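Hi everyone, thanks for coming. Let's have a look at this one together.

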Amino acid sequence: MDSFTTPLLAGTATGALLLIAALGLALTFGQMGVINMAHGEFLMAGAYATYLTQQVVTNTDVSVLVALPVAFLVAGLLGLLLEVTVISWMYRRPLDTLLVTVGVGLVLQQLAKDVFGAQGDPVRTPGWLEGNIDVFGYHWPYRQMFTIVLALMALTALAALLKYSSFGRQIRATVQNRDLAETVGIRTRTVDRITFFVGSGLAGIGGVAVSLISGTNPRLGTAYIISAFLVVVAGGLGQLKGTVIAAFAVGIATSFFADWTSASMAQVATFALVVVFLQVRPQGLFVVRSRGLA
Amino acid sequence: MKSFARSYGPLVAIAVLAVLLLVVAPAVLSPFRLNNLGKYCCWAIAAVGIGLAWGRGGMLVMGQGVFFGIGGYAMAMHLKLEAAGPEGIPDFMLLYGDGTMPGWWEPFRSGAFTLFAIVALPAIAAAILGYAVFKRRVKGAYFAILTQALAVVFATLLIATIQETGGFNGLNQFTFFFGYNLYDPVNKKMVYSIAAGLLVACLVVVWQLYRSRFGELLVATRDAEERVRFLGHDPANVKLAAFVIAAVMASIGGAMFAPIAGIISPSDVDATASIFLIAGVALGGRALLLGPALGAIAVGYGRSTLSESFPDQWTYFLGALFIAVILLFPAGLASLFGKAWSRLPRRKAAPA
């Protein structure tokens, strides 16, 4: 039982992390066709925001909860800044946004290295997240459960926003048909900016969860960004459920592969799995159908 | 006369570059600088392939470091075995492993097999991945992300296999290059000349490809894949061919990089290294013939110079370079010359 529950539960936590990271990516990619390679660095920014919050709010039990909105704001504003200064110049050139944001990511990484040092800083775990619960012989850390709860809360909030708020309707309209959305009076550029803010902010929330598990590190973003992108690719664009299923599938599969072989072989196997999966569904799990050829 | 200039002008430019690299540079540069130029030439060889796949084919290949690494490691394995002597095994295996050599190292004792593997291995790897991806019409950003993921996976795998591939340290300390002592300056110069010569050869190959029907089909696929399909061609095959050629070129670059740099390690082949290759191509002009090669040499030179004087600031420059080039000169710096050229006053062509 142990060899089954351990990778399953640990993998679910990894999947939850990937979900938070991939939600923002899928949102901006699906809506604006923007590939934000600096998204991983927003994750890192969220982690450092947690670290800094702990320097100010010394009560560890509270600081993590304070860090959540702080990280959301920090990463979100970084995203907004990126959108206004760089990305808004190159809409409809998706491959170019990919390259530009690679550059932005490099700069942010080096910046973090210069400001905080190449070595990571530890983030203290609050008392209420210490300890674990015994599930069929696996000592499941509360921190991993916290990640899952956080991911589900982010998912619920985002889904509710998209489904019920008028802003969410505007986003969905823009995703489905930008020109028609403009025709009915939606300011698609403003919608884009807010989407980018929310998507980047979600990365910041992910950063809080990551920092609790592995502390901060200038290269923290790169570890997650590629897996998160694979999740987006496998999940398909335009619908949250594809991202959700893909995130947990990738997280759990990687965890099982790692259990059977090694952590590095698990990466190879997951990559192969995604390529094979694309043979069956080249556009990912769910696609917004259109009559376009592209 | 004009058509002659248009057809063979690029060839003249390649010839000028060949003279600069093969005659002028060895005469004026110190051995250290010449060796550095050799490294840039290796990156330039890979960049020429990226120019073909990305500039002409529209496939943003963000994982060329993988193929660079396949060639580099294949060559490095041979050089390691040559240094170890017949029946000997590479030193690091005694250090980290139990002193036995994995079976798949054995064929690399043969120089002929190594040369064959440098071409065949990347071709096979690129063909398998390309076939799986292009036939299912996975393209654009999806393709770019998959190639980058490949680079990440490849580097992780190398780092994890310290007993088989030297892990994080990579493979280094080569003494012989196909029988020639690498510590001898004359032989170092020869290795440089081979790399520079291969760069010129790759440029000629690409020049010929761009002129051919394949080259036209490739550009057509980049600009309007569906129309190419309607005309009865399979765009997947066109892209596959370009991707495989690009992979082989990257591999050749890597194979020459190992003896010139004296080391090949995961940091030479990972995602960041792949992005570094892209930077040169973007700077030089991805769709032009000489743009990628010149861009790669320039970025390589910039990297050496800047990391000599400001070791930490190099990353800022690379990042800023990306942002500036893509924002301001998406067609690369070389395109500015083209623009200036087309603005020159000239006789108007007679109306058709």
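Quick definition before we start: the radius of gyration here is taken over C-alpha atoms, and the globule rule is 2.2 Å times the number of residues to the power 0.38. For the 294 residues of chain A, a compact globule would have a radius near 19 Å, and chain A has 19 Å, so the two agree.

Some housekeeping. This is a predicted model, where local features need pLDDT of at least 70 and side-chain atom pairs count only at pLDDT 80 or more, while totals for chains, interfaces and linings use all residues. Residues are numbered from 1 along each chain as its sequence is written, and chains are lettered from A and ligands numbered from 1 in the order written.

How confident is the predictor? pLDDT is its confidence in each residue, from 0 to 100; chain A averages 87, and 97% of the residues score at least 70.

On to the elements, which are DSSP runs numbered from the N terminus: helices are H or I, at least four residues, and strands are E, at least two. Chain A has eleven helices and two strands, and along the sequence it reads α-α-α-α-β-β-α-α-α-α-α-α-α.

Now, burial: a residue is buried if 20 or more other C-beta atoms, placed from the backbone, lie within 10 Å of its own, exposed if 12 or fewer, and partly exposed in between. In chain A, 52% of the residues count as buried. In H9(A), 15 of the 16 residues are buried, so that helix is largely enclosed by the rest of the structure.

Key:
pLDDT is the predictor's confidence in each residue, from 0 to 100.
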